[in-house]
Structures are given as C-alpha cells and as structure tokens.
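Please open the structure in a viewer and keep the selection tool at hand. The stops below say what to select and what is found there.

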Amino acid sequence: MFRFLRKKKAVEASEPEVPVAPEPEVEAASAPAAAISEAVLDPVPVAEFEATTGSPKKGDEGSLGEGAGLFGRLRSGLARSRGALGDSLGTLLLGKKEIDESLLDALETQLLMADVGLEATEAVLERLTARVKRRALNDEDALMSELAEVLSEILSERHEPFSLGPAEPFVILVVGVNGVGKTTTIGKLAQRFKAAGHRPLLAAGDTFRAAAVEQLKQWGTRADVPVIAQGEGADSASVLFDAVSAARARGADVVLADTAGRLHNKGHLMEELAKVVRVLKRFDAAAPHAVLLVLDAGTGQNALAQAKTFSEVAPLTGLVLTKLDGTAKGGVAFALAKQSGLPIQFIGVGEQADDLRPFEPRSFVAALLGAEAP
Ligand SMILES: Nc1nc2c(ncn2[C@@H]2O[C@H](COP(=O)(O)OP(=O)(O)OP(=O)(O)O)[C@@H](O)[C@H]2O)c(=O)[nH]1
Ligand SMILES: [Mg+2]
C-alpha cells in the first residue's frame with residue numbers, strides 16, 4: 001500500500017536541494033588519430049574514484065534496493081515530472097469520494113498531458129475504475145493509493161531487471177539517437193559493474209567523432225577500466241571485434257560498447273548498426289548479449305518511435321531512460337512500458353554515477369506521486 005506525503009508538504013519544501021556534480025569537461029581529442037589507432041588504452045588508476053552509495057554487490061547489478069538517501073535523490077530527480085503528473089493527480093482526487101465520469105475525463109486529460117500515452121492511459125482508467133468498484137473505496141487517500149497501485153502494475157508487467165548473464169565476455173551494445181546519453185550511461189555502468197566486482201572493458205565504437213573517443217577515455221580513467229579504440233573514421237564493427245578479442249585476452253568479463261548517435265529515420269546509419277550486430281555474432285552467436293536502447297525522457301512520445309525503429313535493426317533487450325531530472329515528461333515511462341514491448345532497465349535522474357539506477361516500478365511511482373519510499 002502506498003502512503004502519501006501530502007500532509008508533509010512543508011517538510012518536503014524545506015528539504016535541501018541535492019547538489020549535482022558537474023560532468024567532466026570533454027575536450028576534443030588533441031592526439032592525432034594515428035596515436036589513438038590500435039591503442040589499447042591502459043587504465044589509469046584514479047585515486048579519487050568514489051565508491052558510490054548506490055554500489056551494488058556482485059550479482060545484483062539490476063536490482064538495487066532504494067535506501068532512504070537514494071530514494072530522496074530519486075524523488076528530487078523526478079521533481080518536474082511529479083509537478084506534471086503526481087501533483088496534478090493529487091489535486092484532481094482531492095476531496096473526492098468516488099470515481100465519476102467527470103473525474104475520469106479529468107484524469108484522462110491529465111495523464112495524456114503528462115506523456116503517459118493513449119494505451120497506458122486507457123489501461124489506468126479501466127483498472128482504476130474496476131479496483132475502486134470492487135473495493136468500494138470512499139476517500140481520497142484510498143483513491144490515490146489505488147491509482148499508485150495501478151500505475152505500478154502497468155510498469156511492472158514488462159519489468160525485468162538488468163542482469164549480467166553467464167557469457168564471458170558479456171557484450172552490451174549501447175545504441176540510440178544523438179545526444180541521448182549513451183556514452184555517459186556506459187561510463188556510469190562501468191563504475192557500477194566495477195564496484196560490483198566485475199572487470200569491464202569499454203569499446204569506443206563511436207568512430208565518427210574524435211571527441212567521442214576522448215569522452216569514453218575519460219570515463220575509462222574515472223572508473224579505472226581499459227578502453228579499446230581505433231582512429232577517427234575507423235570501422236565501428238572492427239573496433240568492437242578488437243574489443244571482444246582484447247576482453248578475452250585480458251580476462252575482462254563485460255564489454256560495454258559505445259556506438260555513434262544515429263537518427264532512427266536515416267536508413268544507411270541504421271544499416272551500419274545492423275552490420276555491427278552481424279560482426280559481433282561471428283565471435284559468439286549469442287552476442288551482443290544485451291542491446292540497450294538509450295532514450296532521452298525529454299523526447300516524450302517520440303521515444304516510442306525510436307524504440308520501434310531501433311528494434312527493427314538490432315535485437316534490443318532493454319531500455320535506459322535518461323535525463324528524467326531535466327524534464328516534466330517522465331510519464332513516458334508508462335507509454336514505453338505499455339507499448340514498446342521492452343523492459344526499462346535503468347533510469348538516469350542526474351549526472352552523478354549513482355544517478356543512473358536500476359529501474360524499480362514501485363520506487364518510481366512512489367517518487368513520482370510524492371509517496372513514501374515503498
Ligand atoms: N541531467 C542529466 N544529464 C544527462 C543524463 N544522461 C546524460 N546526460 C548528459 O547528456 C549529455 C549527452 O550525453 P552523452 O553521453 O554524450 O550522449 P550520447 O548519446 O553519447 O551522445 P552522442 O554520442 O553525441 O550521440 C551530456 O552532457 C551528459 O552529461 C541524465 O540522466 N541527466
Ligand atoms: Mg556518445
């Protein structure tokens with residue numbers, strides 16, 4: 001049962017803002033391409049590498065529980081979406097004792113405006129009506145609590161926490177349109193896996209921009225993991241092939257492969273991605289073992305179109321929904337859960353390493369609606 005914090009509004013308002021550490025500056029590569037080519041970039045130990053509070057233990061990379069502090073961070077990360085969804089739903093239900101037609105209409109409008117999408121909205125309204133009828137509820141807190149249960153249910157149906165399978169190296173291909181947070185997500189995952197006792201290796205498969213290699217190298221340095229790169233303009237598939245060979249030679253158990261941002265409506269770029277997948281399969285028919293599509297939550301309903309087109313060229317296994325902290329469109333998580341056919345496995349709610357966190361439906365809904373940690 002969800003417990004709501006509406007009566008504690010004053011306390012919440014005075015909660016200190018959680019400071020957000022800036023991302024490292026990413027400079028354009030100063031080294032000539034030749035200097036980077038064939039480079040197997042050895043890790044540089046970083047003394048100040050911080051083990052984050054969110055560090056999982058080995059074996060639970062995708063099912064981290066929420067401590068009170070982490071939940072507070074999640075809640076502050078989702079503040080804008082809570083404004084668009086949770087608070088307005090709370091206002092609609094205020095003083096309501098039953099669900100009538102006009103309340104259903106208002107809820108529908110609110111859910112659609114908050115990017116929940118048509119299918120998920122219809123499902124919410126149907127299920128809520130059925131539950132309220134069945135239980136003969138008659139006060140606003142009970143209604144809100146039922147709404148939270150229904151929202152959690154929708155997110156849970158496809159839910160599947162990320163986990164590293166037995167394959168070694170376990171190859172994770174990270175794809176998505178430009179600027180959604182692919183490279184950052186890889187850096188954060190590298191830190192997370194490393195903290196859980198794994199031996200990750202990064203593959204600089206974005207060969208379009210020299211700066212992309214530099215950016216990945218910085219994350220490699222931070223997380224103290226090796227980065228395999230070739231020169232700018234190299235064949236992305238060949239970099240990944242190199243990386244998997246290097247992982248085998250060095251005993252790395254996870255390969256995190258970056259790829260160039262590509263617009264989902266550009267056929268030739270998508271064909272190139274299909275080639276990357278084919279080349280990886282030559283190594284191991286089961287590879288890539290995971291293909292994560294990174295989506296910027298701020299794109300709202302367009303995220304669905306991206307999921308559809310990418311799934312036509314690469315065997316997607318899960319979604320990463322980033323930048324939830326910068327948008328009011330967090331409701332798109334429901335649309336994705338209902339319509340994409342893929343589980344959301346990680347969410348990004350800020351720029352610190354532990355702001356990339358395993359997606360947990362109940363925590364997400366509680367943070368979105370202003371309830372206590374489940
Ligand atoms: N606030 C916030 N910023 C994020 C998050 N994830 C990524 N970013 C920022 O988004 C920007 C783009 O991130 P990148 O990781 O470079 O994105 P990308 O998909 O690799 O971009 P391309 O390689 O150009 O396609 C960076 O400034 C990141 O710091 C998040 O969850 N929250
Ligand atoms: Mg990138």
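What do the buried residues of α11 pack against? Bear in mind that the model is predicted. The partners of the buried residues of α11 are β2 (170-175), α10 (236-250) and α12.

**Stop 1: helix α11**

Select residues 267-283, the 17 residues of helix α11. From the first C-alpha to the last, α11 reaches 26 Å, close to the 24 Å expected at 1.5 Å a residue. Now colour Leu273, Val276 and Leu280, the buried residues of α11. They lie on the same side of α11, because they cover an arc of only 50° around the axis. In general, an α-helix has 3.6 residues a turn, so residues three or four places apart point the same way. Turn to the face of α11 that points away from the buried side: there you find the exposed residues Gly267, His268, Glu271, Ala274, Arg278 and Arg282.

**Stop 2: the largest nonpolar core**

Next, select Ile172, Val255 and Leu256, which touch the most other members of the 103-residue largest nonpolar core. Helix α7 contributes the most to this core, eight residues. Centre the view on Val255. Leaving out residues up to four places away in sequence, Val255 touches Pro169, Val171, Ile172, Leu201, Ala203, Ala243, Val244 and Ala247.

**Stop 3: helix α13**

Move to residues 332-339, helix α13. This helix is mostly covered, with seven of its eight residues buried. Those to select are Val332, Ala333, Phe334, Ala335, Leu336, Ala337 and Lys338. What lies over them includes the helices α6 (118-135), α7 (140-156), α12 (302-313) and α14 (361-369), along with the strands β7 (318-322) and β8 (344-348). Just after α13, look at Gly341, which takes a positive phi of about 75°.

From Ala337, step across to Ser156: their C-alpha atoms are separated by 8.0 Å, although the two residues are 181 residues apart along the chain. Ser156 is found in helix α7. With 15 other C-beta atoms within 10 Å, Ser156 is partly exposed.

**Stop 4: around ligand 1**

Finally, show ligand 1 and the 19 residues around it. Which of them come nearest? They are Gly181, Thr183, Thr184, Gly261 and Gly348. Helix α8 (residues 182-195) gives the most to this shell, with three residues. Coloured by type, the shell divides into 11 polar, six charged and two nonpolar residues.

Notes:
Residues are numbered from 1 along each chain as its sequence is written. Chains are lettered from A and ligands numbered from 1 in the order in which they are written. This is a predicted model: local features need pLDDT of at least 70, side-chain atom pairs count only at pLDDT 80 or more; totals for chains, interfaces and linings use all residues. A residue is near a molecule or strand if its C-beta atom, placed from the backbone, lies within 6 Å of it. Helices (H or I, at least four residues) and strands (E, at least two) are DSSP runs, numbered from the N terminus. Ala, Val, Leu, Ile, Met, Phe, Trp, Tyr, Cys and Pro count as nonpolar, Asp, Glu, Lys and Arg as charged, and the others, Gly among them, as polar. A residue is buried if 20 or more other C-beta atoms lie within 10 Å of its own, exposed if 12 or fewer, and partly exposed in between; C-beta atoms are placed from the backbone. Two residues are in contact if their C-beta atoms, placed from the backbone, lie within 7 Å. A nonpolar core is a set of buried Ala, Val, Leu, Ile, Met, Phe, Trp, Tyr and Cys residues joined through C-beta atoms within 7 Å. The expected span of a helix is 1.5 Å times one less than its number of residues. The arc is that of the directions from the helix axis to the C-beta atoms.
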